Amino acid sequence: MAALQQCINPRCEKQFAIEEVLYACPACGEPLDVEYDWNKIAPPKSLKHFEQYWQQRSNPHRRSGVWRFHDLLPFLPIEHCISIGEGQTILQQAHRVAPYTGLKNDRLFLQYEGLNPSGSFKDNGMAAAFSHGAFIGAKKAACASTGNTSASLAIYAACTGLMQSIIFIGSGKIAYGKLSQALDYGAKTIQIQGDFDDAMARVQQVAKEQSIYLVNSVNPFRIEGQKTIMFRVLEALHWEVPDWIVVPGGNLGNSSSFGKAFIELHRLGLISRVPRLAIINAAGANTLYRLYEQEGLRWNGGQCDKTLTQKFFERMTAEGRKASTIASAIEINRPVNLAKCLRALDFCNGVVREVTEQEILDAKAQVGAGGLGCEPASAASIAGARKLVAEGIIEKSERVVCILTGHQLKDPNVTVAYHTLEQQGVNEFANRPISVENDLERIVASL
Ligand code: F0G
């Protein structure tokens, strides 16, 4: 077997066939990776290898920003890989946003994942997980979501007709752009009384009990698809490795997959240098920041301090502490990919920061003013980069890629509230609409 699933625990490393549906190691409970036997599948000799596919854009698999990198995620034969046109994204050199972060004008790049079919980066991972689900013959797929995973699952189900989508959302904040997508695409939508962390726990139980295919990022195939975000960043930089990747952290699937991408590229000799990774939490949902920066939790060669995390979560339960942030996409306090994320931080010499609501909102307004709108969670990356430049951790002359994870139109309420708030001076970059009588002279005078 050229590809298989393998437990990430170095003391276990049990292996399972690709056809098995597993979300954790049955032996030790740790997460699973998809691993490849590169002696059986010849890996590309250089990243330039992928340039041959640029001329084959009429082939949907070569046009897809996920499947044109199939050679680096070959867990299924390509004819079984489903594409709805994901990954047609751009890396923008953001000279108008750079000054806000403190970086030199030509040093900031925004990876705009809002251009995906469902408007967020989730489609990268969904293309892979949905393909696997369809391959093993699942008829129903489910996820818990703060909104984007559910929109992504729903669009794949609607476009292909291969599986019924069932989504679990909390009863708190869900941006209307995202909810409207799931409803429009025909997802069976279960709104449970609780938050995302509650919905996540429930959907895992339900999926197990009802044999429903789970597409949250505990599914190792999701992580495979999301590796391609990094491949496209490198592609846009002519295969040069940037100095920093900055990404918002919620359930920590993205950061986990970026780490895996760089571990594999390095192991295969396709890159000689590894970028540093910065993961940015919202201050109201800062589990990773607290565990990593304050409590000193580390990957530790795969032997993470389990007692530390257990005590941390017990304290959280005892205090009744719930995640709360305007960046509803990352309103998560119990990230399911913590272990894999620690591995990524270890390999990429990473740092974690938290940013306040105001920092997120101001950064979002700056991204918007620079021409690529994003949703609040995405702007955490810009706010975090700014913080790290101010601290001197990121140097002004370093090349920094911030991931804009979701489209501006996902959450228009937050944007409009920012710009129209009555209270003067709170929102530094507010662009207030001017209200004028329907009178030509007055309209002209107001210009
Ligand atoms: N940004 C956006 C726009 C998101 O939707 C999410 C996660 C994240 C960042 C965090 O990414 O989980 O890989 O650390 N949204 C999930 C959802 C949880 O249900 O849509 P992560």
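Predicted model: local features only at pLDDT ≥ 70, side-chain atom pairs only at ≥ 80, totals over all residues.

Student: Okay, how many residues surround the ligand, and which are the closest?
Tutor: The ligand is surrounded by 21 residues, and the closest are Ser145, Thr146, Gly250, Asn251 and Thr405.

Student: And how does that shell divide into nonpolar, polar and charged?
Tutor: You'll find 12 polar residues in the shell around the ligand, along with seven nonpolar and two charged ones.

Student: Which helices each supply at least two residues of the shell?
Tutor: Helix H4 (148–160) does, and so does helix H8 (253–267).

Student: Nice. Which polar side-chain atom lies 2.8 Å from an oxygen atom of the ligand?
Tutor: That one belongs to Asn148. The backbone takes part too: a polar backbone atom of Thr149 is 2.8 Å from an oxygen atom of the ligand, and a polar backbone atom of Leu252 is also 2.8 Å from a ligand oxygen.

Student: How much of the ligand's accessible area does the protein cover?
Tutor: On its own the ligand has 480 Å² of accessible area, and the protein covers 99% of that.

Student: Where does the ligand sit, then?
Tutor: In the largest cavity.

Student: Switching topic: how many salt bridges are there?
Tutor: The count comes to 24. One of them pairs the side chains of Lys306 and Glu30, at 2.7 Å from N to O.

Note on methods
Residues numbered from 1 in each chain as written. Heavy atoms only, no water. Near = heavy atom within 4 Å. Polar contact = N/O pair within 3.5 Å; in protein donor to acceptor, adjacent residues only side chain to side chain. Areas by Shrake-Rupley, 256 points an atom, 1.4 Å probe, with all protein chains shown as cover. 1 Å grid on protein atoms, 1.4 Å probe; cavity = no way out; pocket = protein on both sides within 12 Å on 5 of 7 lines; lining within 4 Å. Sits in = over half its atoms within 2 Å of the grid points. Helix = DSSP H or I, 4+ residues; strand = E, 2+ residues; numbered from the N terminus. Nonpolar A, V, L, I, M, F, W, Y, C, P; charged D, E, K, R; others polar. Salt bridge = Lys/Arg side-chain N within 4 Å of Asp/Glu carboxyl O.
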